Amino acid sequence: MPRLVCCRVGGCKTVARSVIAWLALAGMLLAREAGARISYGPVSLSGNLETQNILRVPDVDQWSFVQQRNTFRLEYEHALVQKGSLLGMLDVSSFLRQAKLLTYYRVVYDSIFDLAPGPRLEAADGSRGGALDDIGPIRGVPRNERTDVALENNLREMYLDFDLRNLPVSFRLGKQQIVWGNANLNQRALDSVNALDLTWHFNIESGLLGRVGFSELRRTAWTAKMLVNFGDWGPLGNVFLEAYDIPFEFHPTKVRFLPHPWSFAGRNPFRGGQVIPVQGGLVNLMPCFDFTGNPAINSDVTGIDFESSLATGKCPTPGLQVSRAEQGLFDQNDPFDVNQVGARVGALLPYSIGLTLNYMYRRAIADVSGTGAVRQPAATGFTSAQGQANFVHLFASDNPLTPTRDVTDPATGETRTVQGVIRIPIEFYMPYVHVFGVTLDYFEEHIAGVINAEMAWSHNNPIVSNNIAEDPMAVRRTDMVLAAVSLDRPTWITPLNKGRVFDIQSQLNVGWQPFHDDLFVGSPASKSIPGQFRDEVSVDELEELTLLTAIVVNTTYWGGSVIPAVAWVSDWTVAPLMRWDLILQYLPNPWVILETQFRVGWTNGRTADDRFRQGFLRRRDELVLKATYQF
Amino acid sequence: MISRTVRFLGGALAGLVLLSGPALADVSPGEIITKDNMDKIKSLVTPSIEWVLRHGGKIEIGEYKPVAWPRRYKEATEKYAGQVRLSADGLQLENHVAGMPFPKIDPNDPQAALKVMWNYEYRPYPGSDDFVEYDFPAISMDISGGAGGKVDRVFQIGDSRRLYYNGRVAVDPKPELPNPKGFRFQDLLGPLLGPYDLKGLGGLTYRYIDASKQDDTFLYLPSLRRVRRLSTAQRSSALFGQDADPDSYWGYAGHIAWMDWKFLGEKEMLGVLHGKEFPMKACPPPADFMFCDVWEKRQVYAIEGVSKLPQYAYGKRLIFLDKESYIVTYEDIFDKAGQLWKVWIDHYTMRKQGKPGTPLYDEEQAFYTGFTMIDMQVEHATYVPHPGPETASDGWYFNGGADSATPGTPDGSVPGAFTVPKLIARGQ
């Protein structure tokens, strides 16, 4: 992530130039006629400028300013081949029908890191972490570090589309996202080619139109995709084959912790400088992973700079992997390690039933329910103070530090006396899995609705296990089925809206763990995280069967310039909860979209401020105010 | 908000009264009609057009000009019309091959309304085999307040394309494409080039000859990045931020068998079939939701349609179909309470060439230069010129087949272009 160009690094002139460029761009956009496109021959530009503000309101008398995000999106499209001519210079009509380049660039500045709001921000366990009330979770971070994380500068997509002239084949080559499956509402059974970047706003950020939802969360990858349009085959219509290959990169789910307040509302469990209890006392956690997987004491890694690590909370030692909660035992860019492929065939069957059959061979990712795991490469024989066997590997006995030392946790500000340093011999385990899937869609005339169904069966999926006797690596490879059935039905409710229907989407999400064991745990709110949940024996175990229902209703008023929507989601098993989203969008003119959202959640029979809500949703009632200028 | 004007002018004045009433005055070519002298055309229009005039619209009276059929369509009609029969229930044609099924309408025929509407289904224009209008805007605006339209949405549409499977007279294979599934036509809409929040959106519809089969409709939604199957049950609901519903396109775009039709009669009325303006030109404010051009007296069929579908938004449609061309001059739409709700007004110009520098055809073509749809109850309108004022081309292909390639559909109008994989391939 590039650093922000600012005066601090001597870039005042650069800033001034940037401001002038932005003003010039704004002037150019404002000077257009209503709705006019920005196009220059084969080139067209489009995008938006958006500001999003999120207030977290866990209770009626509490609020926290958790996000002030300013986003600029720019799409550049270039029709490279038109009417058989490449850039108007070369006749390629004999083999190309068309070719187009699209790039989508997104730059984000989170000025919440400059505003550094007060101490209301909380971790998922409900605590403010001791001295956090005094220093504030953002204010406590040095300014230069805050500035570094405030800017995201991302070429989200850049691909070349082209159609062959004499074959019904088209290609998309480049950085892109692959979206399969047909379940819309938060069930990523087959939409699992690209993992999510949950640093954007976890996975609960919704939206109505445009660049919203998973479209903005998926971690795009350099991919080759081919689509063959077979046309009709006997009774089958619209027969197609689509296949992809992601040869050079794998991106697992990306998570950030506090002080990124809109993301996962917890502190990095592997952050440097934290003090954790183990048998025999307190130790200081070193933020280096032993990616060798060697459980031997101190492993064979030399040159570990324990003093530096303790002083800075960082891990500068060469050869040791810094914790980013996203890297496993693989080379991220080596095709022998990360190449992933998939193919699907689709057709319109008799009676107009849409069908696709899907296969993916990919690495497990953590944001698809229950997949991905943290593995302990070998038994350590060590037991933590909470009784979790094999939880950490203690290096206190061979610690080069003098036993007993006062250490201040940089996140909590708490100073405690530790007996040594530990390093965690774990790996992020995201092995290859086979995924087989099927989708169906059908318009049922009698109920006047569309039925969509999707099912994915993952084979050899990694599941975190507490059954150390059978799973010494703390991971079980098992099968998993994710499915969803939905009904979309536009419905007239004429007393409320005479001119337009209410689009009602309802969906049932099902997860099935056929080889279930009580010792398997879900993620991320696992019962194995000490102190996270009161009723640890029943909350967030990985259930054999999980059910989630969702209903979304929206319509439009006033010629479509007012769009209200309401969504209701309820998880009936893993962590009983219910969430409501109320959205109101207003489009006063072709360029401006004003939107307000309010989302609120409850747990089963518990109040909104109950600290035992599901980990990532608890106390996340939020008010969103968004304004967008689009061009 | 229901304007008092609409309440006043509601259903009582609509339809039959006007159609059978005597002419109060007459107009001559060259006359300009505004709200100040609109009594002169009272017998030639319905209250919806008076509403437009009352809100600043202007009508220039032009000479009547005949509309001829394309040669091949005319030949097919002469060849096949004699053998065509309408089934007893009126829901399907028997022995129809191509051309107009019932070129002679007997007003006393109890099936006259159905026959007129089946003629409309197999009308000669704008293309009997395929057509595409491309690169045009749909401008949605609030017209309350009387100071001119306040634009709230502009949809820039890449393609609106149709491929007919039967009744073909111009492009091989004729008269029918290989058609084991019984398609009447396939429609492709999009991709939307703007606004940004809908950019890339595209739709695909299959219409079947068999009236008992519902349409199949698929929509690529850029926010989901997926092709979704759509319910086609509620075709009278306006889509997104505009006033037009899918059943109102072209005046009427549903299956003929989905309505009960009533023949109200023949009458001389005003319509725009030989517009002077290319592209269509909006009136100055406050009537900038409407085009200003030359209207001519046309002999029309007046047909009333009441939907057989449950939960239809409208009480009835009153369609005025030009007798020569089977073009809808305009259409009044009433709510369930019988009050005038919306009007769809078409703008056509018949010419061999859209504008200088664009293709020259050997016969006159019906350039469907645009329409406006006005919701008179909430005072909101959608104004759609095709081509748009910024479009360099004439914005149309008529019976172009594979040659009607556009940036959005480089294959042209061939069956392979109207497929789900094509929607997937161009999705972004």
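Two residues are taken to be in contact when heavy atoms of each lie within 4.5 Å. The structure described here is a predicted model, with an ipTM of 0.89 and a pTM of 0.87. For chain B the mean pLDDT is 91, and 94% of the residues in this chain reach 70 or more. Residues 1-24 of chain B have a pLDDT below 50, although this stretch makes 47 contacts in the model beyond near neighbours in sequence.

The interface between the two chains was examined next. Chain A contributes 83 residues to the contact, and chain B contributes 67 residues. The size of an interface is often given as the accessible area lost when the parts come together. Here chain A and chain B bury about 5,700 Å² between them, and 49% of this area is on carbon and sulfur atoms. On the chain A side, A:R37, A:W492 and A:W558 supply 13% of the area buried against chain B, more than any other three residues. Polar interactions also cross the interface, with 32 residue pairs in polar contact, both residues being at pLDDT 80 or more. In a salt bridge between A:D441 and B:R229, the side chains meet at 3.0 Å, N to O.

A residue of chain B with a contact in chain A is B:T232, whose contacts, apart from neighbours within four places in sequence, are A:F443, B:Q214, B:D215 and B:T217. B:T232 is located in the loop that connects β11 (226-230) to β12 (259-271) of chain B. Because its relative accessible area is 4%, under the 20% cut-off, B:T232 is classed as buried. Two of the contacts of B:T232 can be described at the level of atoms. The side chains of B:T232 and B:Q214 are joined by a polar contact of 3.3 Å; these residues are 18 places apart in sequence, and their C-alpha atoms are 7.1 Å apart in space. The side chain of B:T232 also reaches the backbone oxygen of B:D215, at 3.3 Å.

The nonpolar interior was then considered. In soluble globular proteins, nonpolar side chains tend to be buried together. The largest nonpolar core in the model comprises 80 residues, of which B:M117, B:Y120, B:Y252, B:W261 and B:L321 touch the most other members. Helix α5 of chain B, spanning residues 112-121, gives the most to this core, with 7 residues. For B:Y120, the contacts outside four places in sequence are B:Y249, B:W250, B:G251, B:Y252, B:I256, B:L321, B:Y326 and B:V328.

Helix α3 of chain B (residues 47-54) is mostly covered, with 7 of its 8 residues buried. The buried residues of α3(B) are B:P47, B:S48, B:I49, B:E50, B:W51, B:V52 and B:L53. B:G56, which follows α3(B), has a positive phi, near 105°.

In chain A, A:S570 belongs to strand β26, which covers residues 562-571. A:S570 counts as buried because its relative accessibility is 2%, below the 20% limit. Apart from neighbours within four places in sequence, A:S570 is in contact with A:L547, A:L548, A:T549, A:L577 and A:M578.

Notes. Residues numbered from 1 in each chain as written. Chains lettered and ligands numbered in written order. Heavy atoms only, no water. pLDDT = per-residue confidence, 0-100. Helix = DSSP H or I, 4+ residues; strand = E, 2+ residues; numbered from the N terminus. Buried < 20%, exposed > 50% of the residue type's maximum accessible area, 1.4 Å probe, protein only. Core = buried A, V, L, I, M, F, W, Y, C linked by side-chain atoms within 4.5 Å. Polar contact = N/O pair within 3.5 Å; in protein donor to acceptor, adjacent residues only side chain to side chain. Buried area = accessible area lost by both parts, 1.4 Å probe. Salt bridge = Lys/Arg side-chain N within 4 Å of Asp/Glu carboxyl O.
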